Amino acid sequence: MSTLLVRNIHTLITMDEQRREIRHGALFVRDRVIEQVGPTEALPSTADEVLDLQDRHIVLPGLVNTHHHFFQNLTRVVPAAQNSDLFGWLDTLYPIWSNLTAEGLFVSAQLAAAELVLSGCTTASDHLYLYPNDCTLDDEIRAVQEVGLRFHASRGSMSVGKSQGGLPPDSLVEDEADVLKDSERLIEQYHDASRHAMLRMTLAPCSPFSVTQELMRESAEMARRYPAVRLHTHLAENSSDVSYSLEKFGMRPGEYAESVGWLGEDVWHAHCVKLSDDAIDKFGRTGTGVAHCPCSNMRLASGIAPIRKMLARQVPVGLGVDGAASNDATNLLQEARQAFLVARVREEDAGAMTARQVLDIATRGGARVLGRDDIGFLAPQMSADFIAVDIDRPEFAGTQQDIVAALIFCHASQVAYSFINGQRVVDQGRLTTVDMTQLLSRHRQAAIALIQP
């Protein structure tokens with residue numbers, strides 16, 4: 001059995017049921033699970049591995065990313081898509097993404113995971129919905145496992161191309177029988193329903209404008225045959241998304257989701273910028289979750305999701321950075337700050353969102369959306385996923401009165417330490433698991449090959 005002690009923490013932000021913030025705190029971990037949390041003087045004085053933070057770091061639970069498209073970091077700031085809304089942006093990028101290969105998929109996933117970890121994320125869900133050439137979800141899983149990120153891999157899909165009234169080109173859609181067969185294979189091969197699992201599977205038909213209602217229903221039926229397999233898709237992302245749903249199905253997005261069985265505690269939807277009040281009520285009553293992606297929603301001029309209203313109606317809400325071609329960053333600390341700010345702008349109310357409320361969304365909220373009871377806060381029997389931020393830096397100067405709120409108000413951008421499953425994945429600001437210089441070189445080559453195949 002191995003033990004880990006992190007001591008002399010300036011402020012330990014537990015996010016536990018009491019939301020305790022412990023001055024001069026410490027964590028004691030045994031076999032990758034937290035055993036004790038409290039003041040340094042009250043915990044054991046030694047362990048197999050000891051990290052003394054010398055009263056200059058705050059520690060909090062690892063952040064949870066509930067929506068992403070890892071492969072898109074190969075196509076950041078594509079000039080023709082810089083000033084497009086969602087549908088125009090997709091129309092521009094689909095032909096480029098059709099050149100994606102297994103090598104590009106691997107290095108883009110690994111870079112996305114690395115960026116997330118460096119910005120405080122310890123658990124992430126990724127939505128991979130296209131599989132051209134030799135790409136498989138297995139490539140992405142292998143890449144993320146090497147980085148050490150706790151991972152929810154989503155088997156996305158597109159089955160309705162332009163010739164059938166969908167948005168994606170026909171060359172990127174799959175046969176639905178093949179989608180379901182591969183979904184079952186992936187669940188059987190990779191899914192771990194146990195507590196503290198490092199890898200779980202999600203079934204994730206891409207969107208109402210790229211799959212049939214039959215695939216939505218059949219995916220839901222399959223997922224519900226397995227423990228802890230969840231369902232995820234895009235919904236009500238912008239006004240065009242709503243118009244498509246009304247024209248194609250005669251229903252608003254929330255009604256569409258209900259009609260195909262996509263409400264419930266095992267479901268979460270990305271964006272929901274244009275979700276109706278009636279749908280918000282139903283989401284709250286059924287425990288249906290939302291991945292809030294403010295940077296992407298602003299970048300694509302989609303609008304700002306009514307997160308304050310959702311929270312008031314008991315809708316589970318987590319944060320998502322979304323794809324790095326629509327954000328165009330992959331920084332979860334930045335996403336939390338943006339969510340905090342845009343809630344105030346949307347409501348024109350300085351009390352619409354507090355710093356601690358957005359930290360709750362970024363940790364406990366994300367854990368609930370992903371169906372996890374073992375991450376999101378720091379307490380005995382929880383997974384040893386936590387991050388440390390150095391407060392002896394210029395951006396924290398003058399914040400002594402409320403160092404916790406400073407995490408959000410003052411734009412912390414990177415963590416000093418990250419422990420995932422009890423393993424030190426970031427050490428003094430550097431990733432310990434992959435060589436970033438080599439990764440960036442491979443990624444650069446893959447990005448060029450994607451544009452110039």
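Q: Buried means under 20% relative accessible area, exposed over 50%, and partly exposed in between (1.4 Å probe, protein chains only); what is the relative accessible area of Phe386?
A: This is a predicted model, in which local features need pLDDT of at least 70, side-chain atom pairs count only at pLDDT 80 or more, and totals for chains, interfaces and linings use all residues. Residues are numbered from 1 along each chain as its sequence is written, and side-chain values use heavy atoms, leaving out hydrogens and water. Phe386 counts as buried, its relative accessible area being 2%.

Q: Which strand holds Phe419?
A: Let's start from two rings, since Phe, Tyr and Trp rings (for Trp, the six-membered one) pair if their centres lie within 6.5 Å, with planes under 30 degrees apart stacked, over 60 edge-to-face and the rest tilted. Helices (H or I, at least four residues) and strands (E, at least two) are DSSP runs, numbered from the N terminus. With Phe209 and Tyr244 both buried, turn to Phe386 and Phe419, an aromatic pair that is stacked at 4.9 Å centre to centre and 20 degrees between the planes. The pair ties together parts that are 33 residues apart in sequence, because Phe386 lies in strand β14 (residues 386-390) and Phe419 in strand β15 (residues 417-420).

Q: Which residues do ring pairs link into a cluster?
A: A pair of aromatic rings is described by the distance of the centres and the angle of the planes. Ring pairs also join up here, and the linked residues are Phe71, Trp89, Tyr94, Trp97 and Tyr129.

Q: Is Glu21 buried, exposed or partly exposed?
A: Its partner comes through a salt bridge, meaning a side-chain nitrogen of Lys or Arg within 4 Å of a carboxyl oxygen of Asp or Glu. Arg356 makes one with Glu21, with the closest N and O atoms 2.8 Å apart. The two connect distant parts of the chain, 335 residues apart: Arg356 is in helix α12 (residues 355-369) and Glu21 in strand β2 (residues 21-30). Arg356, at a relative accessible area of 33%, is partly exposed, and Glu21, at 36% relative accessibility, is also partly exposed.

Q: What is the relative accessibility of Glu49?
A: Arg424 forms a salt bridge with Glu49, and the closest N and O atoms are 2.8 Å apart. This pair bridges 375 residues, from Arg424 in strand β16 (residues 423-427) to Glu49 in strand β4 (residues 49-52). Arg424 is partly exposed, with a relative accessible area of 24%. Glu49 counts as partly exposed too, at 28%.

Q: What is the relative accessible area of Arg20?
A: The structure holds 30 salt bridges, and in one of them the side chains of Asp16 and Arg20 meet at 2.7 Å, N to O. Asp16 is buried, at 3%. Arg20 is partly exposed, with a value of 34%.

Q: Over which ring does the charged end of Arg155 sit?
A: Arg155 belongs to a network of salt bridges that also links Asp138, Glu174, Asp182 and Arg185. A charge sits over a ring if NZ of Lys or CZ of Arg is within 6 Å of the ring centre and within 35 degrees of the ring normal. For Arg155, 4.2 Å from the centre, the ring is that of Tyr131.

Q: Which helix gives the most to the lining of the largest pocket?
A: On a 1 Å grid over the protein atoms alone, a cavity is a set of points where a 1.4 Å probe fits but cannot get out, while a pocket is an open set with protein on both sides within 12 Å along at least five of seven lines; lining residues have an atom within 4 Å of a point. Grid points are joined across faces, edges and corners, and a volume is the space filled by probe spheres set on the points. The largest pocket has a volume of about 380 Å³, and of its 19 lining residues the closest to its centre are Arg19, Asp360, Arg364, Gly365 and Arg368. With seven residues, the biggest contributor to this lining is α12.
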